[in-house]
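Q: I have a model open and would like to learn how to read its features one by one. Could you walk me through it?

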Amino acid sequence: MFNQKDPIRSEESYAARSAQPRQKPFVLWRELIPAYLSPAIMASIGGIVNADKVLQLRALTTIGGASLLMALWIGLWLRKRGSHTRWVVKTPRVIVVGCFALAGAMLGLMASWGISNVLHIVNPSLSWTWLDHIGFDFPLSGALACTIMTWRWRASFTK
């Protein structure tokens, strides 16, 4: 029944509102959980299947931890400045996510290069096993974290 005095509360508008999906706000701490767990679980499965203890340890530290830090960084930026940046809002989601994934991979590559060089300068005789792998772990974790965070932010922003 259509209520002419109050068209918002008529039955038709209730049906139209209930058909639309409910919008979920972007909550940073809630979005950080899949950004940490997804790469950590994927890498852990690979470590369990191959019986590689180093990969299992890297999954929880350098892969998951780097992904968490990168997701925190990109999530803070998206929450504060993302909606005010025109190309992030107007460009199709796939292109924006691809650009942020490349940026995350580049930032992870620079971080791994910087950390490995600084640690070799500080203590050249020290040999850490995880240091050899961060050249692969950080860029991959950065790309995954930026992809997950940007995809979920755009999903909450565009609905």
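Predicted model: local features only at pLDDT ≥ 70, side-chain atom pairs only at ≥ 80, totals over all residues.

Q: Is A51 buried or exposed?

A: A51 has a relative accessibility of 64%, so this residue counts as exposed. You will find A51 in the loop between α2 (28–49) and α3 (53–81).

Q: What is the phi angle of A51?

A: The phi of A51 is near 55°, which is a positive value in a residue other than glycine.

Q: Let me try the accessibility reading on D137. Is D137 buried or exposed?

A: Use the cut-off of under 20% for buried. D137 has a relative accessibility of 1%, and therefore counts as buried. This residue sits in helix α6, which covers residues 129–158.

Q: Which residues does D137 touch, leaving aside those up to four places away in sequence?

A: With those sequence neighbours left out, D137 touches R58, T62 and I63.

Q: Now the aromatic rings. How many aromatic pairs does a search of the whole structure find?

A: The search finds two aromatic pairs. To name the geometry of a pair, look at the angle between the ring planes: under 30 degrees is stacked, over 60 is edge-to-face, and the rest are tilted. The ring centres of W77 and F100 are 5.8 Å apart and the planes meet at 50°, so this pair is tilted. The pair links distant parts of the chain, with W77 in helix α3 and F100 in helix α5 (residues 93–122), 23 residues apart.

Q: How accessible are W77 and F100?

A: W77 is partly exposed because its relative accessibility is 29%, whereas F100 is buried because its value is 9%.

Q: What is the geometry of the pair W87 and F100?

A: Here the centres lie 5.9 Å apart and the planes are at 15°, so W87 and F100 are stacked. W87 belongs to helix α4 (residues 86–90) and F100 to helix α5, so the pair ties together parts 13 residues apart in sequence. W87 has a relative accessible area of 42%, so this residue is partly exposed.

Q: Which residues do the ring pairs link into a cluster?

A: The ring pairs join W77, W87 and F100 into a cluster.

Definitions and conventions. Residues numbered from 1 in each chain as written. Heavy atoms only, no water. Helix = DSSP H or I, 4+ residues; strand = E, 2+ residues; numbered from the N terminus. Buried < 20%, exposed > 50% of the residue type's maximum accessible area, 1.4 Å probe, protein only. Contact = heavy atoms within 4.5 Å. Phe/Tyr/Trp six-rings, centres within 6.5 Å; stacked < 30°, edge-to-face > 60°.
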